[in-house]
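Subject: Structure handover and notes

Hi,

Here is the structure for you to look over. My notes follow below it.

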Amino acid sequence: MRLRQRLLSPSARPDTGTGPWLAAAHGAQGQPYDGAADQRVITRRLPLVTPFGKLIGHLYDAMFERHPYLRSLFPDSMEFQRVHLERALWYLIEHLDRPREVADFCARLGRDHRKLGVRPVHFEVFEQALAEALRRSAGAHWSEEMEQAWLRMLRFAVAAMVDGAAGALAEPPYWNGTVTAHELRAPDLAVLRVRPAEPFPYRAGQYTRIQTPLLPLTWRPYSIACAPGPDGELEFHVRRTAPGGVSDALVTRTRAGDSLRLGPAQGSMVLDGDPARDVLVVAGGTGWAPARALLEELSRRPLHRRTHLFVGARTLDGLYDTAALARLEKNCSWLRVVPVIGEESGAAESGSVADAVARRGDWSGHTAYVSGPPLMVTATVYGLTGLAQPPDRIHHDPVDGTLPPAARPSRAQAPVAITGG
């Protein structure tokens, strides 16, 4: 806990010269952190350091120049790490005026980062590298005010990450699992069953990050496609998105008996506690996985809420889990299923899923859950918001932060996508 003590120590840190950590974590003179003030400073000077690719390049250059040993803690390809960091930076900046949301998100991030072997000294090294990257990117336009706003934001996030990691000391940083079944549903899509060596706590609708021994140090997020059950097994639906990545390894080079590692369960797309409110579930592609878990959970509850499911695919073959879908529809009288099949005729609906949902009327009395490709999630969330659906009753998978800012769902977005590379 020495890092935590240093984060909250009012004394300056002479090794970096960046000032007191107390002011960053809890605000000057014990006042709450004024994230909105730092947000104004950062956004005003944001053109100096965006697009973030250059800033992030300078950051990793500075980190590895000063501490070459750190390179061995990262996978051979840094592309995913760079994209992931860019998403995190956008999230922090866009939500900084809501410090509680940032703190909650970073606490979860700190809990998850334990599996990567992150140590207290790494946070300090990261701060030094960020300060250097800001100077290199802004050049002659760099200012002390700009740098201090960025570093206060970082220290606030790190303090929450440390709290999150400390609060999860009773659970392992990751779980070992064994693949018990591997079924190809299409040349680029596999359904995996995995049995964790120890009980794996999660809720229906959540996701975890998976590491295969075929790609050490490389973790990718995948939704869990089943509600918690007595056998403890997990199911994942994995579509191959690119050659050489985790999805490629899981789909084409993984077999029953192979081992995997699972990070802690994450995500807030879980069922609410209101038994009276009807439910809208919208799923596209492998976004069917968390939707299926939610429907299984609903089927086990004593009070069944009326539920509409819109499930989308480009073609009929894209509905790869029709047996489970038919079983749910047959056994759940409260469930209405609306397939949306691209532009093909003969389906209940055609075109985009977002358009199909909008055509079916007013959903403002429902709690909505949306999962699937980022653009589909974005369009559906915007459409529901335009139909007067309260934003706090729209739950969705994290959306890919590489979407341009104007196309992102505001506030509810988290900086990582439930896809794999």
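A salt bridge here is a side-chain nitrogen of Lys or Arg within 4 Å of a carboxyl oxygen of Asp or Glu. By that rule, a search of the whole structure gives 26 salt bridges.

First, the ground rules. This is a predicted model, in which local features need pLDDT of at least 70 and side-chain atom pairs count only at pLDDT 80 or more, while totals for chains, interfaces and linings use all residues. Residues are numbered from 1 along each chain as its sequence is written, and side-chain values use heavy atoms, with hydrogens and water left out.

Overall picture

The chain has 13 helices and 11 strands. These are DSSP runs numbered from the N terminus: helices are H or I with at least four residues, strands are E with at least two. Of the 421 residues, 53% are buried. Buried means under 20% relative accessible area, exposed means over 50%, and partly exposed is in between (1.4 Å probe, protein chains only).

The chain exposes about 18,500 Å², and carbon and sulfur atoms supply 55% of that. Accessible areas come from the Shrake-Rupley method with a 1.4 Å probe; for residues, only the protein chains shown count as cover. Take the contacts (heavy atoms within 4.5 Å). Among those between residues at least 6 apart in sequence, 72% join residues at least 24 apart.

Salt bridges

Side chains of opposite charge can pair when their charged atoms come close.

- Arg193 pairs with Asp231, with the closest N and O atoms 3.6 Å apart. Arg193 sits in strand E2 and Asp231 in the loop between E4 and strand E5 (234-239), so this pair links distant parts of the chain, 38 residues apart. Asp231 is partly exposed, at 41% relative accessible area.
- Glu235 pairs with Arg292, and here the closest N and O atoms are 3.0 Å apart. Glu235 is in strand E5 and Arg292 in helix H10 (residues 288-299), so the pair ties together parts that are 57 residues apart in sequence. Both Glu235 and Arg292 are buried.
- Arg240 pairs with Asp248, the closest N and O atoms being 2.7 Å apart. Arg240 is partly exposed at 33% relative accessibility, whereas Asp248 is buried at 11%.

There is also a network of salt bridges. It links Glu183, Arg185, Arg193, Arg195, Asp231, Glu233, Glu235, Arg292, Glu296 and Asp321.

Around strand E3

Arg209 is in strand E3 (residues 207-211). Arg209 counts as buried because its relative accessibility is 6%. Its side chain makes a polar contact with the side chain of Asp112, at 3.1 Å. A polar contact is a pair of N or O atoms within 3.5 Å; within protein, one must be able to donate a hydrogen and the other to accept it, and residues adjacent in sequence count only if both atoms are side-chain atoms.

Pro199 lies in the loop between strand E2 (189-196) and E3. Pro199 is exposed, at 72% relative accessible area. The C-alpha atoms of Pro199 and Gly232 are 6.6 Å apart, though the two residues are 33 apart along the chain.

Backbone points to check

The peptide bond from Thr50 to Pro51 is cis, with omega near -5°. Pro51 is in the loop between helix H3 (35-44) and H4. Leu217 is not a glycine, yet has a positive phi of about 70°. Leu217 lies in the loop between E3 and strand E4 (220-223) and is partly exposed at 38% relative accessibility.

Helix H13

Just after H13, Ala388 takes a positive phi of about 75°. Ala388 is in the loop between H13 and E11 and is exposed, at 54% relative accessibility.

Best wishes
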